[in-house]
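My notes follow, in the order I went.

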Amino acid sequence: PQTIIDRLLSIGDMGDSSTSYRVFIWMGAMGILRNYLIGGIGMGEGAFAQVYPLFSYNAIVAPHSHNTFLQLLVEGGIPALATFIAVLVLVLKSGHKAYKRDKKKSSDSLMILGICAGIIGFLVQSMFDYTFYNYRVMAIFFMVLAIVVCFRYIPVTKEVNCD
């Protein structure tokens, strides 16, 4: 539909209110990081609500930074972001090992591939929104990460016949 095409073409256009809104919020969050990069401001909406107005641009009110990675950095500093990235690397590495172990022919290997692709898609979305704003989404995300790690330790199922 034309509305979707128009929306895709507006990506990066600062004349689009959604894009400029996010960029101004990111600029405010970067201002916070100039002062709180090492340890962050503290976890949660309350901490962000108290500190963000001091650094906001164009008087934009925001409950979070609209970027999960930036939000983790703002809330917990370098240690929080480093830990999150380390967990992601370990989980995806574990999924890769489980995928390779199954010789790419079992239903488990296809499931691992699909779940890891979903995780990567979720992380791409997380670059443009704070996907952990809802604690239920965060809980499900970490449960999915745990499922990927579990696949590394379960026995291989029988091969799938694609005929």
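**Ground rules.** This is a predicted model, where local features need pLDDT of at least 70 and side-chain atom pairs count only at pLDDT 80 or more, while totals for chains, interfaces and linings use all residues. Residues are numbered from 1 along each chain as its sequence is written, and side-chain values use heavy atoms, with hydrogens and water left out.

**Overall layout.** I count six helices and zero strands in the chain; both are DSSP runs numbered from the N terminus, helices being H or I of at least four residues and strands E of at least two. Of the 163 residues, 36% are buried (under 20% relative accessible area; exposed is over 50%, partly exposed in between, 1.4 Å probe, protein chains only). I also looked at contacts (heavy atoms within 4.5 Å): taking those between residues at least 6 apart in sequence, 70% join residues at least 24 apart.

**Cysteines.** How many disulfides are there? I used cysteine sulfur atoms within 2.5 Å as the rule, and the count is zero. Cysteine 116 counts as buried because its relative accessibility is 11%. Cysteine 150 is at 46%, so I put it down as partly exposed.

**Glutamine 71.** I found this residue in helix α4, residues 68-101. Buried or exposed? Glutamine 71 is buried, since its relative accessible area is 1%. Its side chain reaches the backbone nitrogen of serine 65 at 2.7 Å, which I log as a polar contact (N or O atoms within 3.5 Å, one able to donate a hydrogen and the other to accept it; residues adjacent in sequence count only if both atoms are side-chain atoms). Beyond four places in sequence, glutamine 71 touches Phe48, His64, Ser65 and Tyr130.

**Histidine 66.** This one is in the loop between α3 (45-51) and α4. Histidine 66 is buried, at 11% relative accessible area. Skipping neighbours within four places, I list its contacts as Tyr21, Arg22, Ile25, Trp26, Met127, Phe128, Asp129 and Tyr130.

**Methionine 127.** I placed it in the loop between α5 (107-126) and α6 (135-151). With 39% relative accessible area, methionine 127 is partly exposed.
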